[in-house]
Amino acid sequence: MAGGNYAMSEPEANGKLPAQDSSLVGTPERASWGRPLEFILACLGYAVGLGNVWRFPYLCYRNGGGAFLIPFFLMMILIGLPLFYLELYIGQFTSYGPLKAFAAIGPFYTGLGYCTLVVISLISIYYMIIVAWTLFYTIVSLAGNLDWGSCENEFNTNYVAEQGPGLAFVAYPEALLQMPIPQFWSILFFLMLFILGLGSQFADVAEQGPGLAFVAYPEALLQMPIPQFWSILFFLMLFILGLGSQFAGIEAINTAIVDQWPQFRKEVTAFTCFTCFILGIPMCFSGGVYLFTLMDWNTASWAILLIGMAESIAVAWTYGINRAMNDLASMNMKLNKVLRFYWKAAWTVTVPIASLRGKELFTPTEKWKPSSKSLSSPNTTTSETNQQTTYENLGYM
């Protein structure tokens with residue numbers, strides 16, 4: 001890319017540049033899309049994944065509910081869409097994997113490709129565990145006996161089956177019978193149990209990642225007619241969504257390996273899948289959910305923002321934003337003035353600044369604290385008044 005010959009060949013009808021001779025570029029020839037629709041469907045399969053079903057809802061819940069959508073859509077416009085389109089442009093134009101694509105811009109960005117590869121590999125490892133869970137639930141649903149809808153299983157304890165309901169449905173009702181108009185108080189009591197019980201259960205599972213998809217949703221399916229049928233459809237949908245996300249991740253890893261060692265083209269897929277399978281086994285043991293949560297919270301976080309900032313700087317400032325716009329035009333991507341200005345502004349200014357300062361815009365500052373009047377009480381000391389609260393704004397991650 002940088003420092004090379006920037007003369008462009010005429011694009012084919014599908015918008016893809018003619019395949020280059022692999023002997024000239026040192027990279028195996030890539031397969032191209034037969035039609036633009038195939039490329040669009042592949043992008044949709046990667047963009048719409050498990051995160052839309054189980055990760056986004058509980059992040060939205062624990063970070064303000066509907067108010068969370070404001071910074072979400074703002075960050076999607078400022079960072080998400082520009083980075084998504086940027087990576088599509090790099091991959092389609094160069095036909096390289098992440099290692100060679102950024103190294104072609106400049107040797108300084110060689111490590112950027114490796115960073116991208118590491119993040120993709122870690123995500124692929126623990127995403128396979130989610131796919132395995134969805135497959136297990138699908139098989140259980142096909143068997144017809146939804147074990148999570150009954151307390152008569154081998155793994156249930158007497159506390160779950162007897163002691164839990166005993167207090168609410170034996171002791172309290174007997175006490176209500178001693179009150180005047182017991183029917184009235186019984187209706188209020190059980191209505192309160194329903195509201196508070198449902199709300200507390202939702203709050204518990206909504207703050208957990210897997211809990212929403214594998215606890216709350218299955219319980220909701222039990223309330224529907226023919227729950228086995230809806231459970232099969234739901235978990236089969238999750239399984240297909242997981243496979244769509246995994247295809248793109250595994251293919252990115254395979255492409256990076258084949259770029260370095262073309263002779264392993266035939267064995268690379270089996271090697272990648274088997275390696276991820278072995279590395280994912282520890283998350284299948286009793287304490288595996290803790291390792292899963294650790295990877296989930298720390299893999300797709302600040303690392304992605306820093307990588308995205310470096311990608312935009314590499315393309316917009318090192319390679320050149322005008323060259324990038326010309327590359328898009330050479331692939332028959334016709335952009336009007338508004339879109340052209342949006343992509344140029346996003347890649348050159350918005351993405352680098354928002355990636356560094358975006359979290360600060362939506363994190364409470366030290367000035368957010370109770371007023372001195374509300375803290376003035378006989379039991380409140382000056383040191384307690386000045387003590388600052390540590391905020392944990394994880395919604396941006």
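Modeller: Happy to, and we can go from the overall picture down to single residues.

Colleague: Great. What kind of model is it, and what is the mean pLDDT?

Modeller: This is a predicted model. The mean pLDDT of the protein is 75, and 67% of its residues reach 70 or more. Residues 1-25 have pLDDT below 50, and that stretch makes 43 contacts beyond near neighbours in sequence. Residues 374-397 also stay under 50, with 31 contacts beyond four places in sequence.

Colleague: Thanks. How many helices and strands are there?

Modeller: There are 16 helices and zero strands.

Colleague: And how much of the protein is buried?

Modeller: Of the 397 residues, 35% are buried. The accessible surface comes to about 23,800 Å², and carbon and sulfur atoms hold 67% of that. As for contacts with a separation of 6 or more, 72% are between residues 24 or more positions apart.

Colleague: Which residues does UniProt list as "transmembrane region"?

Modeller: The unreviewed UniProt entry lists residues 39-56, 68-91, 111-136, 184-203, 229-250, 271-293 and 299-320 under that name. In the model, residues 229-250 are 100% helix and 0% strand, with end C-alpha atoms 31 Å apart. For residues 299-320 the figures are 91% helix and 0% strand, and the end C-alpha atoms are 30 Å apart.

Colleague: How about α3?

Modeller: Helix α3 covers residues 51-62, and its 12 residues should span 16 Å. The end C-alpha atoms of α3 are 15 Å apart, which agrees. G64 follows α3 and has a positive phi near 110°.

Colleague: Which residues of α3 are buried?

Modeller: Those are G51, V53, W54, R55, Y58, L59 and C60.

Colleague: I'm curious about Y109. Where does it sit, and is it buried or exposed?

Modeller: Y109 is in the loop between α5 (98-105) and α6 (110-143). Its relative accessible area is 11%, and buried means under 20%, so Y109 counts as buried.

Colleague: What does Y109 touch?

Modeller: Leaving out residues up to four places away in sequence, Y109 touches F102, A103, A310, I313, A314 and T318. The C-alpha atoms of Y109 and L99 are 9.1 Å apart, and the two residues are 10 apart along the chain.

Colleague: Switching topic: how many disulfides are there?

Modeller: The count is zero disulfides.

Colleague: Then C115 and C284: buried, partly exposed or exposed?

Modeller: C115 is partly exposed, at 40% relative accessibility. C284 is exposed, with a relative accessible area of 56%.

Colleague: Last one. Where are I226 and N332, and what are their phi values?

Modeller: I226 lies in the loop between α9 (209-222) and α10 (227-260), and its phi is positive, near 50°, though it is a residue other than glycine. N332 is in the loop between α13 (302-330) and α14 (337-361), with a positive phi of about 65°, and it is not a glycine either.

Colleague: How accessible are I226 and N332?

Modeller: I226 has 58% relative accessibility; exposed means over 50%, so I226 counts as exposed. N332, at 40% relative accessibility, counts as partly exposed.

Terms used:
Residues numbered from 1 in each chain as written. Predicted model: local features only at pLDDT ≥ 70, side-chain atom pairs only at ≥ 80, totals over all residues. Heavy atoms only, no water. Helix = DSSP H or I, 4+ residues; strand = E, 2+ residues; numbered from the N terminus. Buried < 20%, exposed > 50% of the residue type's maximum accessible area, 1.4 Å probe, protein only. Contact = heavy atoms within 4.5 Å. Disulfide = S-S within 2.5 Å. Expected span 1.5 Å × (residues − 1). pLDDT = per-residue confidence, 0-100. Areas by Shrake-Rupley, 256 points an atom, 1.4 Å probe, with all protein chains shown as cover. UniProt positions renumbered as here; feature names shortened; annotations may be inferred.
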